[in-house]
Amino acid sequence: MSARNWQRFRCISGGDKPLPYGLNSDLRGSRMETNQYVHSENKGLTMPDDAKRPLIQARGLSKSYRLGASEVVGLNNIDLHLSAGELVVLKGNSGSGKSTLLALLAGLDQPTAGDLIVADQNLKKATPRQLTQYRREIVGVVFQSFNLLPTLTVLENVSLPALLAGHRHPEVKAKALQLLASLDLTPRLHHLPAQLSGGEMQRTAIARALINDPAIILADEPTGNLDSHNGRAVIELLGSLNRRLGTTVIIATHSNLADPIATTSIYLTDGAITAWS
Ligand SMILES: Nc1ncnc2c1ncn2[C@@H]1O[C@H](COP(=O)(O)OP(=O)(O)OP(=O)(O)O)[C@@H](O)[C@H]1O
Ligand SMILES: [Mg+2]
């Protein structure tokens, strides 16, 4: 199976509307072709046979946490079928399971029951090595709390996932500089996270999530700490990546900013899906 199938799977598409922050389609020219390598059979991951096959499939997915003698339900028996190229808005009250679901999709946590298959990879059966590779290359995660490393500069934070994935330093630096310029962060390259505003931290976290050209972006409250201008710009950026590059985007949020561009809206109540549109 060739790497081309994977590219087909990602539904890369064009468009003529400029991307926010001046992000333009030239970024595609600077791709390090990460996924082409990662998804090769040589590295142990399988290719999708059918471009129409769901990118994300969950069956009976459950996650509970044991706290002493009691059990807290995070997710309760959910089924999901999401295609490549979707932009999903995940909503629900605080404690309804949004972050729990994103953590499972990110391969950061394991379900208590059920199956989760993403890009033909059964995350429940994946080896630690495959999971590490999956987290580095397939998904880009924008954490609610940014999770920037405090002792690394903006440029270093953004470069790190690509360096860990084994890409060459000059190539990584060029890509990081381009991404950061597109996000209006060139004047902040050598700042530490503590020297940034909330919006700058958020944009740095987004650049870091994009450095390895993930097929899937998982964004947990990406606008939660931003003013309305920056919040709108972040949603516009995620929407543009989805439209222009076919990146699948899943946004957990309490805000309505992404509603107009969502292809699917999922509502969680007490860990279960109670509405889907
Ligand atoms: N590590 C954990 N240990 C125990 N319980 C947990 C843990 N993580 C989450 N939970 C519980 O699982 C449930 C779902 O939490 P989750 O963080 O997924 O909610 P959420 O929908 O993301 O909420 P919010 O909108 O506040 O971010 C909550 O009841 C929460 O207390
Ligand atoms: Mg949450």
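Visitor: How many helices and strands does the chain have, and what makes a stretch count as one?
Guide: There are 9 helices and 10 strands in the chain. Both are DSSP runs, numbered from the N terminus: a helix is H or I with at least four residues, and a strand is E with at least two. Bear in mind that this is a predicted model, where local features need pLDDT of at least 70 and side-chain atom pairs count only at pLDDT 80 or more, while totals for chains, interfaces and linings use all residues. Residues are numbered from 1 along each chain as its sequence is written, and chains are lettered from A and ligands numbered from 1 in the order in which they are written.

Visitor: What makes strand S3 largely enclosed?
Guide: Lys91 is found in strand S3, and 6 of the 6 residues of S3 (residues 87-92) are buried, so the rest of the structure largely encloses this strand. Both faces are covered: Leu87, Val89 and Lys91 are buried on one side, and Val88, Leu90 and Gly92 on the other.

Visitor: How do you know that S3 pairs with S8 and S9?
Guide: Pairing takes at least two bridges found by DSSP between two strands. S3 has 4 bridges to strand S8 (residues 248-252), running parallel, and 5 to strand S9 (residues 264-269), also parallel. Val88 stands opposite Ile250 in S8, while Gly92 has Leu268 in S9 as its bridge partner.

Visitor: Which residues does Lys91 touch, leaving out those up to four places away in sequence?
Guide: Thr253, Ser265 and Tyr267. Two residues are in contact if their C-beta atoms, placed from the backbone, lie within 7 Å.

Visitor: How do you know that the span of helix H7 is close to the expected one?
Guide: The expected span is 1.5 Å times one less than the number of residues. H7 (residues 169-182) has 14 residues and reaches 20 Å from first C-alpha to last, close to the 20 Å expected. Val172, Lys175, Ala176, Leu179, Leu180 and Ser182 are buried in H7. They cover an arc of only 155 degrees around the axis, which puts them on the same side of H7; the arc is that of the directions from the helix axis to the C-beta atoms.

Visitor: What makes a residue part of the shell around ligand 1?
Guide: Its C-beta atom, placed from the backbone, has to lie within 6 Å of the ligand. Among the residues around ligand 1 are Tyr65, Gly95, Lys98 and Thr100. H4 gives the largest share, 3 residues.

Visitor: How many of them are nonpolar, polar and charged?
Guide: The shell has 3 nonpolar, 8 polar and 1 charged residues. Here Ala, Val, Leu, Ile, Met, Phe, Trp, Tyr, Cys and Pro count as nonpolar, Asp, Glu, Lys and Arg as charged, and the others, Gly among them, as polar.

How values were computed
Buried ≥ 20, exposed ≤ 12 C-beta atoms within 10 Å, placed from the backbone.
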